[in-house]
Amino acid sequence: MKKGIFFFVILGFGVCSWLIISSCGHKQLAKGYSETLLNYDYVGDFNNGLALVERLGQWGFINEDGEEVIPCEYEMAGPFSSGRAYVLPFDDDKYHYIDENGNVTLTTDYEYVRSFTGNAAPVSHGQNWALIDKDGKELTDFIYTSFTPYTYKGKNIFVVQNEENRYGILDDKGRTILPCNYIWMGSFDKGLAALWNGNENRHTTGMVNMQGQIVVPFLYDNIDLCTENVARVEQNSKYGYVNVQGSVLAPCVYTLADNFFHDGRASVYRGAEDNLRQGFINSQGVEVIPCQYEPPYVYGEGGGPLLSSFSEGFAKVAKDGHFGFIDTKGKKLTPLDYDDARDFHRGIAAVMKDDKWGFIDTRGHEIIPCHYDNVSYESINRLKVTLDDRVLFFDKTGKPLVDEHYLPYDFVGEPIEELTEVIRNQRVGYVDEDGVEVIPCQYDQITPFHNGTAVGNDRGKYYLIKKEKV
């Protein structure tokens, strides 16, 4: 019975990778990175500097140097959170919580337990759940059917559901900060969540913060958070914007509106669906670029416009079926005389004229003229163009490159700190700020880096990837 809930909890975290037993080995990669072959059947993501591992059905923990600091001697275990992890010894039917040194801090008598979030952890007797603190004190009665933890800016809460399927919020001391009166609650994002008031047949939508305060009143059909301070609202099939104090920034007059702000702007549309005009609104609700442009694309039978957005300070717009770019003040970067265009990426954008592609830079200059059948971004500083059967490479200034040994990438991600994820032939690696492939494209998957450490999966063999300390 306990094994079933254990695997459910592990899958719920969604951050773990399965490993096949291998002998250990160490190899230097480029620019101070190294990989070490791990000797486990399973390795989880790092949390609190420790990763959950399993070998031959026995569970323990390794540190970011790959050292097994808590031995693989447990029948079950969960990842560390808030300085605690739950474990189930082979010779015991009781769940224990341990600290990061492997010392038992609490022994429980509950049927199931879950990880701590802040000061509290959910525990259950059968189908009913409650919260306990790190001393084992029961903070609530067993009256809840589900707990979903959230942490934001140091505050920890639990969204709870009671036996009447109503939602509310508890803090990590078990105190009710929003009663279970609501028929649905969305996921918290940036400390806010949408909330439905009413019943299954008729409801209105508001927004609640992590203090349990209703910050946007129940006046709307739908709400989507855009930024920490602005939400898009829908009322009678029209869209507008409010701030998170509930004040109206822009009334619900738009036929369509984007729920994301880019470069401080969101795309909005006025008019009937067969005669839409696009403009842009700022985060204060001011329509800074009037609704005068055509939708950039119409897709699918009976489809609608694609909500284009700003990227790197410029937005693609269209008039009379031709494309160009404007800046955040509405000033044209280029004339609207291209047949197609793609968003800016790393300071350049692909444009098409007379069925031929090229690239422009942030000055609007064609650094690679529109002479080619297709173009693509191949790396941080490398562009690929094709003409008939010829494949050519250029740098970001338009200078031709010659490199017979270069293998292009199928995908180039956005930089995170000093590394950018790249994919070639479905194999994952990383390049640095200079475009050097410091972690080769040889892995099926690489977990996110924590303190310079990640876990890579290479055809069933998994490696600890580290940046060596200088």
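A residue counts as buried under 20% relative accessible area, as exposed over 50% and as partly exposed in between, computed with a 1.4 Å probe on the protein chains only. The model on display is predicted: local features need pLDDT of at least 70, side-chain atom pairs count only at pLDDT 80 or more, and totals for chains, interfaces and linings use all residues. Residues are numbered from 1 along each chain as its sequence is written, and side-chain values use heavy atoms, with hydrogens and water left out.

**The whole chain**

Of its 470 residues, 50% count as buried. Colour by secondary structure to see one helix and 47 strands; helices (H or I, at least four residues) and strands (E, at least two) are DSSP runs, numbered from the N terminus.

**Aromatic pairs**

Rings of Phe, Tyr and Trp (its six-membered ring) pair if their centres lie within 6.5 Å; planes under 30 degrees apart count as stacked, over 60 as edge-to-face and the rest as tilted. By this rule there are 19 aromatic pairs.

Select Tyr110 and Phe142: the ring centres are 6.0 Å apart and the planes stand at 40°, so the pair is tilted. Tyr110 lies in the loop between strand 10 (104-107) and strand 11 (112-113), and Phe142 in the loop between strand 13 (128-133) and strand 14 (144-152), so the pair ties together parts that are 32 residues apart in sequence. Tyr110 is buried, at 10% relative accessibility.

Next, select Phe314 and Phe344, a tilted pair with 5.1 Å centre to centre and 40° between the planes. Phe314 belongs to strand 31 (residues 314-319) and Phe344 to the loop between strand 33 (340-341) and strand 34 (348-353), so this pair ties together parts 30 residues apart in sequence. Phe314 is buried at a relative accessible area of 14%, and Phe344 is buried at 3%.

**A cluster and a pocket**

Then select Tyr33, Tyr430 and Phe449, which ring pairs link into a cluster. Tyr430 and Phe449 are also among the residues nearest the centre of the second largest pocket, together with Ile416, Glu417 and Leu419. A pocket is an open set of points on a 1 Å grid over the protein atoms alone, with protein on both sides within 12 Å along at least five of seven lines; a cavity is a set where a 1.4 Å probe fits but cannot get out, and lining residues have an atom within 4 Å of a point. The second largest pocket is lined by 17 residues.

**The cavity**

Finally, select His345, Arg346, Ile348, Tyr377, Ser379, Ile380, Leu383 and Lys396, which line the largest cavity.
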